[in-house]
Amino acid sequence: MQPVSDSESAGAEMHRSIMIAFCDVLRATKLPPMEVMSLAASALGAIYKEVADQHRSDGGCPCGWKPDLHADVEALQAALAATIRAIPPADLRAMQAVGRA
Ligand SMILES: [Zn+2]
């Protein structure tokens, strides 16, 4: 993996990684896309909880982040909804590119 220099390329890298995982699970399980989407959302929730738990214990992490479950979940939901509305349909190419890989 190349080092990422800003939040845009970090976002692109995260997009690519999750798309690959999504397509793998879709192919392997033959579940409907929306069920696989829900699994991805649940996995993100589990990752949030694991990282947040690490930041609640004393000396867990020096970065200073203080998890706020209510505000954080609201921020994640808002990011999800805003992105779905913002991405043009042409972005389906990302999925087709992964499908060919
Ligand atoms: Zn931290």
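Helices in this account are DSSP runs of at least four residues, numbered from the N terminus. By that numbering, Arg-56 and Asp-53 are three residues apart in helix α2, and are therefore separated by about one helical turn. The model described here is a predicted one.

The side chains of Arg-56 and Asp-53 meet in a salt bridge, with a nitrogen-to-oxygen distance of 2.9 Å. Asp-53 also meets Lys-49 in a salt bridge, at 3.0 Å from N to O. Through these shared partners, Lys-49, Asp-53 and Arg-56 are joined into one network. Lys-49 and Asp-53 both belong to helix α2, which covers residues 33-56, and lie four residues apart, again about one turn of the helix. An α-helix has 3.6 residues a turn, so residues three or four places apart point the same way. Asp-53 is partly exposed, with a relative accessible area of 34%. Arg-56 is likewise partly exposed, at 48%.

A search of the whole structure gives four salt bridges. One of them links the side chains of Arg-27 and Asp-24, at 3.5 Å from N to O. Both residues lie in helix α1 (residues 7-29), three residues apart, or about one turn of the helix. The relative accessible area is 43% for Arg-27, which is therefore partly exposed. Asp-24 has a value of 39% and is also partly exposed.

The length of helix α1 can be checked against its residue count. At 1.5 Å a residue, the 23 residues of α1 should span 33 Å, and the end C-alpha atoms are 32 Å apart, so the two values agree. The buried residues of α1 are Glu-13, Met-19, Phe-22 and Cys-23. At the start of the helix, a side-chain oxygen of Asp-6 comes to within 3.2 Å of the backbone nitrogen of Glu-8. Just after α1, Lys-30 adopts a positive phi of about 60°.

Asp-72, in helix α3 (residues 69-86), presents another arrangement. Asp-72 is buried yet has no salt bridge. The nearest side chain of opposite charge is that of Arg-56, 6.7 Å away, whereas a salt bridge requires a side-chain nitrogen within 4 Å of a carboxyl oxygen. When residues up to four places away in sequence are not counted, Asp-72 touches Tyr-48, Trp-65 and Pro-67.

The model also contains a zinc ion, and its protein donors are His-55 (NE2), Cys-61 (SG) and Cys-63 (SG). These donors lie 2.0 to 2.2 Å from the zinc ion. In sequence, the donor residues are spaced H-x5-C-x1-C. Cys-61 is partly exposed, with a relative accessible area of 34%. For Cys-63 the relative accessible area is 54%, so this residue is exposed.

Definitions and conventions. Residues numbered from 1 in each chain as written. Predicted model: local features only at pLDDT ≥ 70, side-chain atom pairs only at ≥ 80, totals over all residues. Heavy atoms only, no water. Helix = DSSP H or I, 4+ residues; strand = E, 2+ residues; numbered from the N terminus. Buried < 20%, exposed > 50% of the residue type's maximum accessible area, 1.4 Å probe, protein only. Donors = N, O, S within 2.8 Å, 3.2 Å for Na, K, Ca; no water. Expected span 1.5 Å × (residues − 1). Polar contact = N/O pair within 3.5 Å; in protein donor to acceptor, adjacent residues only side chain to side chain. Lys, Arg positive; Asp, Glu negative; His and termini not counted. Contact = heavy atoms within 4.5 Å.
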